[in-house]
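Me: I would like to learn how to read the features of a protein model one at a time, with the criterion first and the particular case after it. Could you take me through this one?

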Amino acid sequence: MPIQVKSCECGHFLVKRWSRYHCKACGNSYKRTEVEIKSAYRNMNRERSDRHEKKAAKKIRGRQTPASGAMAFNKADVYSDLVRMECKTTVKQSYSVKKELLLKVAGETEHGKIPVFNIRFEDETGNLNYYILDEGFFLELLELWRKNEHNDNS
């Protein structure tokens, strides 16, 4: 999505040169921060992602990472004592998951924690959440489920 730029005081369009914007008509020069308008679309996506991360943190009894995983020492979006989770939100009908991203999530997870990739599909009919986890953790979960089911039937 392109960045929107305010027009010059004289009403003409601004042209970007290096880190400043210039008006060809009157010669005025502006700093980038003075004329660039933050996209409402980007803000909506950030708000949507933030809501998703907070809900995911609540579900796993964990916490949302400040700066959404941008810190050098904590790359997770959401974490708890057992889980390290990367959250992605989309309003589209599909989301492409690449092997590289799953390996990144697993590689950044501390020893002893479960790496989880969470995708949330949002639309007017509701939200769908899917969790992707490694086969080893899935099989452990399945075995725990079977043991619990067996204990309930005894």
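Me: Where does Arg61 lie?

Reply: Helices (H or I, at least four residues) and strands (E, at least two) are taken as DSSP runs, numbered from the N terminus. On that basis Arg61 sits in the loop between helix 2 and strand 6 (63–64), and although Arg61 is not a glycine, its phi is positive, at about 55°. This is a predicted model, in which local features need pLDDT of at least 70 and side-chain atom pairs count only at pLDDT 80 or more, while totals for chains, interfaces and linings use all residues. Residues are numbered from 1 along each chain as its sequence is written, and side-chain values use heavy atoms, with hydrogens and water left out.

Me: Is Arg61 buried or exposed?

Reply: Buried means under 20% relative accessible area, exposed means over 50%, and partly exposed is what falls in between, computed with a 1.4 Å probe on protein chains only. Arg61 has a relative accessible area of 78%, so it is exposed.

Me: Which residue takes a positive phi in the hairpin of strand 2 and strand 3?

Reply: Two strands pair if DSSP finds at least two bridges between them. Strand 2 (residues 14–17) and strand 3 (residues 20–23) are paired in the antiparallel sense over four bridges, with Tyr21 of strand 3 as the bridge partner of Lys16. Two residues stand between the strands of this hairpin, and Trp18 has the positive phi, near 55°. Trp18, which is not a glycine, counts as exposed at 85% relative accessibility.

Me: How many residues does the largest nonpolar core have?

Reply: In soluble globular proteins, nonpolar side chains tend to be buried together. A nonpolar core is a set of buried Ala, Val, Leu, Ile, Met, Phe, Trp, Tyr and Cys residues joined through side-chain atoms within 4.5 Å. The largest one has seven residues, namely Ala56, Ala57, Val78, Val83, Met85, Cys87 and Val116. Helix 2 (40–59) and strand 8 (83–90) each supply at least two residues of this core, and strand 8 gives the most, with three. Apart from this core lies another, of six residues, among them Cys8, Leu14, Cys23 and Tyr30.

Me: Which strands pair with strand 8, and in what sense do they run?

Reply: Strand 7 (residues 78–79) and strand 8 pair in the antiparallel sense over two bridges, forming a hairpin with three residues between them, and Arg84 in strand 8 is the bridge partner of Tyr79. Strand 8 and strand 9, by contrast, run parallel and are joined by eight bridges, with Lys88 standing opposite Ile119 in strand 9. Seven of the eight residues of strand 8 are buried, so the strand is largely enclosed by the rest of the structure.

Me: What unit do strand 8, helix 3 and strand 9 make?

Reply: A crossover is right-handed if, with the strands pointing away from the viewer, the path from the first strand over the helix to the second runs clockwise. Strand 8, helix 3 and strand 9 make a β-α-β unit that is right-handed.

Me: What joins the side chains of Thr89 and His52?

Reply: A polar contact is a pair of N or O atoms within 3.5 Å, where within protein one must be able to donate a hydrogen and the other to accept it, and residues adjacent in sequence count only if both atoms are side-chain atoms. The side chains of Thr89 and His52 are joined by such a contact, at 2.7 Å. Thr89 is found in strand 8 and is buried, with a relative accessible area of 19%.

Me: How many aromatic pairs are there?

Reply: Rings of Phe, Tyr and Trp (its six-membered ring) pair if their centres lie within 6.5 Å; planes under 30 degrees apart count as stacked, over 60 as edge-to-face and the rest as tilted. By this rule the count comes to two. The ring centres of Tyr95 and Phe117 are 6.3 Å apart with the planes at 40°, so that pair is tilted. Phe121 and Tyr130 form an edge-to-face pair, 6.4 Å centre to centre with 75° between the planes.
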